[in-house]
Amino acid sequence: MTSFRDLLISVLLVAKVALGIVLIENLDGLSDKVNDFDFIVVGGGTAGSVVATRLGENPRFKILVIEAGPSNSEVFATRVPGLWPTLANTRIDWNYTTTPQGGINGNVVGYPRARVLGGCSSHNSMVYTRGSRDDWDGYANVTQNKDLVWENVLPVMLKTERLTKPTPAGHLDPSIHGKSGKLSVSAPYTNISFNDILLTASAELNEEFPFLLDMNDGRPIGTGELVNAGVECQTKLTLRCCFAGWIQSTIDHGERMSAATAYLEKAGDNVHVLLNTQVTRLLTVGHSGLDFRGVELATSANSPRTRLVANKEVILSGGTINTPHLLLNSGIGSRQDLAKVGIRALVDNPSVGRNLSDHTSTSVAFSARTQSTDFDQQAAMQQWNETRTGPLSQSLVTNQITWVRLPSNAEPFSSGTVDPSGGPNSPHIEIIYIALPSDTPATTTSALQTTAGSGNVTIQILLVDLHPISRGSITLNSSNPFDHPLIDFGIFTEPVDIAIAREGIRSTRRLFAAPGLNNTVFGSVSPAANVTSDEDLEAFVRSASAPFGHALGTAAMSPRGASWGVVDPDFTVKGTSGLRIVDASVIPRTPSGHTQAAVYALAEIASAIVTDKYSTH
């Protein structure tokens, strides 16, 4: 019998993609092109791929992208949506770990970050959510950047998107999606009985859990017949706004669509991509000491360094961890902190690496009797290879997300704590249904149906606190740029975050206690049903939580002239010239949803700013 590994290898043989861009495998291939680039983009991740591609649409620009990892086309598993969990802790992962997190009982947590073209868009679970209009209006207010108000951002998102199949009728609203952009967005669907469980609960508990057709219109807690639901949540104090809707993903006909496949692979030959090379420092050029158009490169800690200079700008797109790590190693950061590791501060900015934030996820589980989502991996791989269908054609084998907005009289807000969300359109909690594995060995019949009828399963769920106020930091462990930085999320250092997680558990228990589910869902097993007090739920939350993988904020955008923040509204780094940052690190606080849609939008906005500046020169 052909093994799963053999199947992967056989498909990999046909996985090469014809590229218009110029791929350079290592520094040896760069020797005749030194100092011949208008823009140097540091990092070929989600934002970097977008920026390089958009700048490359001007044939007069010559762009170099420097990526620490390999091409996504070398890694077959990046193409198959259902294989995304296999990509962590591999050669295309930075394999970061956090410092001990006191808020979760001192646990040290692995923190996957992609080290491959496309960045986390080649590595993530592909969920596509735009967040709430409150989020974007809040970003615009705090940064004094009118480009970020929802009414201006939505057209950018529509320009980015291309609505594709599979998208069953009635699973989203086509009128609020783009049709001709580069990035494929769809609503993959599996016909499993768990769909009926959620729809039954939504119908029976309609006041608390009404169904929502499309969560991406800027009001993820309700639109349509419930136009004023966000306002009602504030005025009708006993009402929780909780909406269930179909999940949307960056998947095109059963295959992952990343920033590399959607953008970079379609760029022209004026875009060069240097792979397997790390930028170790940003360098100053000229006499001012603040013009950071130079970069220092190396392939390993002991290899020779190469220096390049961009004719126009360096654009830093390393991501929320690598961007501040590189800034600090380059002397941009807190003078006091840099002195501790022997680095001379060129730009004294204590905000660099601070304000680290992430959504916090808590794992919970319920016992039920329904169809399992177990499947035969080898049969599923064969099916995907032949037809791009089956359980590996989507990232999650369940189909829905639920959003929860707590009422203003709920703990912790009843005690006077300020609501950490962006406003009345914003949920506090996301409920993601991960899987329904069988409690007993399954009888495998095919990739699509793996159990003989219904059986006992465990509903595995992640409860996500969307707006934690706890903050952490990225700091240097040493002055060696190849040493990983110290990553401290400061998780649950603020009591409000624990309180919101507790309320998330209680909301989920109410959802699965719908009368029509009496013979289907048997109750909470993790935490156990008798865990009900605030104290016991807090102990559980601290034992079952971790950062979710949506890190941002470590090079936050702030108003021009502000005493805090790292970049100005045009993405330029404060106190420097020739240097911008375009990635999730500039987002000042977490959105009401996953971060990739926000990063695509910001990268499009920044690309337009840079292109406009230099197109007339």
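**Active-site histidines, buried residues and salt bridges**

H550 counts as buried because its relative accessibility is 10%, where buried means under 20% relative accessible area, exposed means over 50%, and partly exposed lies in between (1.4 Å probe, protein chains only). The structure is a predicted model, in which local features need pLDDT of at least 70 and side-chain atom pairs count only at pLDDT 80 or more, while totals for chains, interfaces and linings use all residues. Residues are numbered from 1 along each chain as its sequence is written, and side-chain values use heavy atoms, with hydrogens and water left out.

H550 is one of two residues, with H594, that an unreviewed UniProt entry lists under "active site". The two residues are spread over 45 residues of sequence, yet they cluster in space, with a largest C-alpha distance of 6.9 Å. UniProt positions are given in the numbering used here, with shortened feature names, and annotations may be inferred rather than shown by experiment. H550 sits in the loop between β25 (545-547) and β26 (579-581); helices (H or I, at least four residues) and strands (E, at least two) are DSSP runs, numbered from the N terminus. H594 is placed in the loop between β26 and α13 (596-615). With a relative accessible area of 6%, H594 is buried as well.

When residues up to four places away in sequence are not counted, H550 touches Y111, R113, S357, D358, H359, G593, H594 and T595.

Helix α13 contains E604. This glutamate has a relative accessible area of 5% and is therefore buried. Apart from its neighbours within four places in sequence, E604 is in contact with V50, R54, V156, K159, T160 and Y263. R54, for its part, is buried at a relative accessible area of 12%, and R54 forms a salt bridge with E57, the closest N and O atoms being 2.7 Å apart. A salt bridge is a side-chain nitrogen of Lys or Arg within 4 Å of a carboxyl oxygen of Asp or Glu. E57 counts as partly exposed, at 48% relative accessibility.

Side chains of opposite charge can pair when their charged atoms come close. The count of salt bridges comes to 27. One of the pairs is R335 with D348, with 3.7 Å between the closest N and O atoms. R335 lies in helix α9 (residues 335-340) and D348 in strand β17 (residues 347-348), so this pair ties together parts that are 13 residues apart in sequence. R335 is partly exposed, with a relative accessible area of 46%, and D348 is partly exposed at 43%.

Another salt bridge joins D419 and R405, whose closest N and O atoms are 2.8 Å apart. D419 is in the loop between β19 (400-405) and β20 (429-435) and R405 is in strand β19, so parts 14 residues apart in sequence are tied together by the pair. D419 counts as partly exposed at 26% relative accessibility, whereas R405 counts as buried at 1%. Salt bridges also link R502, E503, R506, D534, E538 and R542 in a network.

L163 is found in strand β6 (residues 161-163). This leucine counts as partly exposed, at 21% relative accessibility. L163 and S186 are 23 residues apart in sequence, and their C-alpha atoms are 5.9 Å apart in space. Not counting residues up to four places away in sequence, L163 touches L172, P174, H177, G178, K179 and V185.

The unreviewed UniProt entry also places the feature "domain: Glucose-methanol-choline oxidoreductase N-terminal" at residues 319-333. Over this stretch the chain is 73% helix and 13% strand, and the end C-alpha atoms are 16 Å apart.

F211 lies in the loop between α5 (194-204) and α6 (229-235) and counts as partly exposed at 32% relative accessibility.

Terms used:
Contact means heavy atoms within 4.5 Å.
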